[in-house]
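Me: I would like a close look at one part of this model. Please take it step by step, as I have not seen it before.

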Amino acid sequence: MQQVPVKSSDHAAAPKMPGQIPYIIASEGCERFSFYGMRNILTVFLMTSLLMSMPESMRAGTAKEVFHTFVIGVYFFPLLGGWLADRYFGKFNTVLWLSLVYCAGHACLAIFENNRNGFFFGLFLIALGSGGIKPLVSSFIGDQFDQSNRSLAQKVFDGFYWIINFGSFFASLLMPIFLQKFGASVAFGIPGILMFIATLLFWAGRKKYVVVPPAAKNPHSFLNVVRTALLAEAPGQGRGGLFLACAGVALAIGSMFLIPGISIVAALCLALVFVLGFGGMGAWMQLERARGLHPDEAVDGVRAVLRLLVLFALVTPFWSLFDQKASTWVLQADQMTKPEWFQSSMMQSLNPALVMILIPFNNFVLYPLLKRMGLELTALRRMGAGIAFSGLAWIVVGLMQLSLDEGNALSIVWQILPYALLTFGEVLVSATGLEFAYSQAPLAMKGVIMSFWSLSVTIGNLWVLLANSSVKSAAVTEQIKQTGISVTGFQMFFFAGFALLAALLFALYARTYKLQNNYRQAA
């Protein structure tokens with residue numbers, strides 16, 4: 001294992017693909033099979049087994065709440081994993097140890113198929129393990145590159161995303177069949193075996209990896225600069241930024257106790273949104289006060305990170321729409337006509353299949369063609385367009401729901417169109433965003449910034465839980481009924497509009513964003 005210090009060098013080597021990449025890619029393929037194998041049958045298992053003791057009218061809503069709470073956990077724990085890796089243990093050790101926690105979670109699902117507490121504890125362990133390693137594997141890939149071969153990094157990130165969907169495709173196709181034919185123990189046990197294999201593959205490459213050591217304790221770290229900016233006084237100037245940050249803390253505390261109908265997980269996540277949002281705005285307002293007390297490069301780095309977090313915030317509506325294909329879209333598929341052997345959750349296999357087609361198509365056909373036509377699809381343009389395509393997908397799904405609500409028989413084949421639109425948006429947002437987030441993150445904050453990228457998924461799922469909680473109110477439900485549209489159909493069009501508005505704001509903000517190049521120098 002190579003310990004590589006982060007330093008400057010004048011040596012310019014010809015671009016060369018790092019030989020250790022296959023270990024990471026193969027491990028990721030197995031890990032994604034394990035994750036999507038259990039994730040894509042979770043809603044169906046909850047509806048048909050674990051929640052059967054509940055009244056039928058409550059089952060669908062509870063299953064959606066459990067599913068999206070789990071996803072929130074998966075994309076919240078990257079903050080913990082990123083912090084541990086950047087400050088204490090390094091990426092390799094953190095990934096290896098949390099992978100073992102991940103394996104234990106799969107074991108709990110297989111063992112406690114009839115025990116709600118044991119099963120939910122397994123979901124917690126998977127959220128901790130999967131979430132903890134999520135930002136680290138992608139940033140660990142980035143660490144294998146430097147300025148001399150960074151031109152190959154986007155291709156590897158695309159390959160990384162391709163193998164994710166390779167594992168997801170077979171998991172989505174096979175696990176519903178195993179659940180139906182062999183029961184929950186087998187259906188949840190097989191993903192556990194694949195996760196153990198993923199751990200072994202990652203460990204096998206230990207002597208070949210480039211390892212960037214954890215950053216030493218830094219008096220000019222991001223949080224220290226932000227703290228200085230908020231607390232420092234300036235003669236003749238007010239302290240509006242500090243007041244704004246304190247207001248965020250007050251709203252965070254209020255969200256824990258004053259918002260009815262939301263789970264503790266959703267309340268904690270909403271509290272984090274208030275702290276980050278208002279605290280970030282407050283720090284931005286007073287950031288210049290940190291100059292002189294901290295080096296200019298540290299202050300400029302904080303401003304760059306805050307600008308980046310605004311982009312991440314504008315991506316959250318995309319994840320609101322994307323992750324509901326495993327909950328809302330599955331429940332819609334239950335209402336549609338289909339062959340007896342075909343299960344609703346199997347439709348999700350279409351998403352990774354399309355990703356595996358679209359990534360090479362985009363890279364070798366679409367992007368070169370558009371470039372020859374004079375249109376350069378930068379990373380930010382791709383991401384903005386991807387958010388818009390997700391909105392279009394939900395307009396189509398909403399129109400299909402209106403038809404179903406009118407009592408019309410609708411074939412499940414119709415879901416192919418929204419899946420195609422949503423998947424095209426996913427490739428533009430997610431595959432591009434991985435490399436973009438890494439390239440923009442300061443060297444000492446790779447894990448944490450990739451964690452914030454993952455946190456955008458958590459916040460996206462938070463919007464889903466808040467929307468579901470709002471429609472439990474009799475007053476809100478009555479207002480929706482007056483539109484002549486079902487609650488489900490109304491929510492679909494609401495989320496479509498949410499994404500289209502976010503795409504517009506993203507495009508406007510991206511025009512002023514200054515790109516960074518934060519790959520390490522060649523050793």
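Is Asp323 buried or exposed, and at what relative accessibility?

Reply: Asp323 counts as buried, at 2% relative accessibility (buried means under 20% relative accessible area, exposed over 50%, and partly exposed in between, with a 1.4 Å probe and protein chains only). This is a predicted model, in which local features need pLDDT of at least 70 and side-chain atom pairs count only at pLDDT 80 or more, while totals for chains, interfaces and linings use all residues. Residues are numbered from 1 along each chain as its sequence is written, and side-chain values use heavy atoms, leaving out hydrogens and water.

The side chain of Asp323 meets that of Arg39 in a salt bridge, at 2.8 Å from N to O (a side-chain nitrogen of Lys or Arg within 4 Å of a carboxyl oxygen of Asp or Glu). This pair links distant parts of the chain: Asp323 is in the loop between α10 (296-322) and α11 (328-334), Arg39 is in helix α1, and 284 residues separate them (helices, H or I of at least four residues, and strands, E of at least two, are DSSP runs numbered from the N terminus). Arg39 is buried as well, with a relative accessible area of 3%.

Helix α1 covers residues 21-50. Glu31 forms a salt bridge with Arg32, with the closest N and O atoms 2.7 Å apart. Glu31 is buried at a relative accessible area of 4%, and Arg32 is buried at 3%.

Helix α1 packs with helix α4 (residues 116-143) at an angle of about 150 degrees, and their axes are 11 Å apart (axes are lines fitted to C-alpha atoms, for helices over the stretch in contact, and angles run from 0 to 180 degrees between N-to-C directions). That makes α1 roughly antiparallel to α4 (the term covers angles over 145 degrees).

Helix α4 also has a tie to helix α3. The side chains of Lys91 and Asp143 meet in a salt bridge, 2.9 Å from N to O. Lys91 lies in helix α3 and Asp143 in helix α4, so the pair ties together parts that are 52 residues apart in sequence. Lys91 counts as buried at 7% relative accessibility, and Asp143 is buried with a relative accessible area of 3%. Helix α3 spans residues 78-111. Val95, found in helix α3, counts as buried at 2% relative accessibility, whereas Phe89 in that helix is partly exposed, with a relative accessible area of 38%.

Across the whole structure, a search finds 9 salt bridges. Glu288, Arg291, Asp296, Asp300 and Arg303 are linked in a network of them.

Terms used: Parallel < 35°, antiparallel > 145°, perpendicular 65-115°, else oblique.
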